[in-house]
Amino acid sequence: MNKYLIFLFLYSSFYSFSQPYLEYYSLINHSEIANLDGNHLQSDSLYNRAFKLVKRPFKEDYLLAAINADKLNNLEKVYNYLIEGIKNGLTIKRIKKTSFENFKKSKQCKLIRQRYETLHKQYLSTLNLKLRDEIIQMVKSDQKARRSILGSWKQMKKTDEYNYNRLLKIIEENNDEWPGFSLIGELIQNDKYSVEGNIAIVPLHFKKEWVRVLQPYMIDAVLHGEMYPYQYARIIDYKFYDSAAKTVIDENGKRQLALCNFYGTYTNVPICDCEVAEKEREKIGFEPLDDYYRKVKATYNCNK
């Protein structure tokens, strides 16, 4: 098993050079930065390039492209982006929660509502709905075991062991691949910088050795557009922050343990080594630190 995992990891690393998703992630990042800079025409052009690059763009990216097109007052483009987003799992609830300055007053918006049910059913027909429902229940069980009233240490341990072993079995049944977006859809409630409500929240509570076993499958999923780079990076930062901790001397001359994270997903924790973080981010298509922290409206610190 260990030899196989090592082989899978090396294979994934080698094969990533030919994967269009790394270029896709880069283009999407530049699109978002151009939008923040107010260069909406440039942003739209970059989004178009990105969407043509891969067979299955992410629903969250279609939504952001639609928001950008709305700022251009190009209602036809907003409509087309939202339609493609719905075909990839974007929900009408998510659209309604999104602020559009111009589109929600248009005839195209009404047409979106009229076409939604048919398109959404077509999208669901491409997924393994039985497995999707099972994983949703795994996520709910994970969270229920951690509620202060209903949960307990014993229940958490039992739930985590079941979820880990079941996840391994699911991977085995899925041709040794992570159950990603093309299989169960994007179970994302908020945005792509979230693990809430989707399968990425479950490994946060696994033992470190379990996460090590799952790592190659998750990396492979990121490189093939089956998982957001952020989701994988968040798991690693959460599980191994104490392994990366460094002993420092505080202002009183006492030794203290300085916790830090590897990729820099946590805005309130310093990054162990920013130079290393940048290189590792690039390998999985995770945008540079400056761009990421600008998007989440936060600042970061690097351990010296």
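This is a predicted model: local features need pLDDT of at least 70, side-chain atom pairs count only at pLDDT 80 or more; totals for chains, interfaces and linings use all residues.
## Close-ups of a helical chain

**View 1. Helix α5 and what surrounds it.** The buried residues of α5 are V78, Y79, Y81, L82, I83, G85 and I86. Their cover includes α3, α4, α6 (92–97) and α7 (107–124).

**View 2. The pairing of α5 with α7.** Here the two axes approach within 9 Å and cross at roughly 20 degrees. That angle is under 35 degrees, so α5 counts as roughly parallel to α7. The crossing of α5 and α7 is right-handed. On the α5 side, the contact is made by L75, E76, Y79, L82, I83, I86 and K87. On the α7 side, look for Q108, L111, I112, R115, Y116, L119, H120 and Y123. Sorted by class, the contact of α5 with α7 comes to 10 nonpolar, 2 polar and 3 charged residues.

**View 3. α2 against α3.** Helix α2 (residues 20–36) and helix α3 (residues 40–53) have axes that come within 8 Å and cross at roughly 165 degrees. With that angle over 145 degrees, α2 is therefore roughly antiparallel to α3. The handedness of the α2 and α3 crossing is left. From α2, the residues in contact are P20, E23, Y24, L27, I28, H30, S31, E32, A34 and N35. They meet H40, Q42, S43, L46, Y47, R49, A50, F51 and L53 of α3. The class count for α2 with α3 is 10 nonpolar, 6 polar and 3 charged residues.

View 4. Is H30 buried, partly exposed or exposed? At 43% relative accessibility, H30 is partly exposed. Zoom in on D291 too: in sequence H30 and D291 are 261 residues apart, yet their C-alpha atoms are 9.0 Å apart in space. For the chain as a whole, 66% of the contacts between residues at least 6 apart in sequence join residues at least 24 apart.

**View 5. Helix α9 from end to end.** With 21 residues (153–173), α9 reaches 30 Å from its first C-alpha to its last, close to the 30 Å expected at 1.5 Å a residue. Buried along α9 are T159, D160, N163, Y164, R166, L167, I170 and I171. Which helices do the buried residues of α9 pack against? They pack against α8 (129–144) and α11 (208–223). Just past the end of α9, N175 has a positive phi of about 55 degrees.

**View 6. Y228, tucked into a loop.** Y228 belongs to the loop between α11 and α12 (229–240), and with a relative accessible area of 3% it is buried. Setting aside neighbours within four places in sequence, Y228 is in contact with F58, K59, E60, F181, E186, I188, K192 and V222. One of these, K192, is 36 residues away along the chain, with 6.8 Å between the C-alpha atoms of Y228 and K192.

View 7. N73 is not a glycine, but its phi is positive at about 60 degrees. You'll find N73 in the loop between α4 (59–71) and α5 (75–87), partly exposed at a relative accessible area of 48%. K297 is another non-glycine with positive phi, about 55 degrees. K297 is in the segment after α14 (289–295) and is exposed, with a relative accessible area of 78%.

View 8. How many helices and strands does the chain have? There are 14 helices and 2 strands. Of its 304 residues, 49% count as buried.

Notes:
Residues are numbered from 1 along each chain as its sequence is written. Side-chain values use heavy atoms; hydrogens and water are left out. Axes are lines fitted to C-alpha atoms, for helices over the stretch in contact, and angles run from 0 to 180 degrees between N-to-C directions. Helices (H or I, at least four residues) and strands (E, at least two) are DSSP runs, numbered from the N terminus. Angles under 35 degrees count as roughly parallel, over 145 as roughly antiparallel, 65 to 115 as roughly perpendicular and the rest as oblique. A crossing is left-handed if the near helix is turned anticlockwise from the far one by less than a right angle, and right-handed if clockwise. Contact means heavy atoms within 4.5 Å. Ala, Val, Leu, Ile, Met, Phe, Trp, Tyr, Cys and Pro count as nonpolar, Asp, Glu, Lys and Arg as charged, and the others, Gly among them, as polar. The expected span of a helix is 1.5 Å times one less than its number of residues. Buried means under 20% relative accessible area, exposed over 50%, partly exposed in between (1.4 Å probe, protein chains only).
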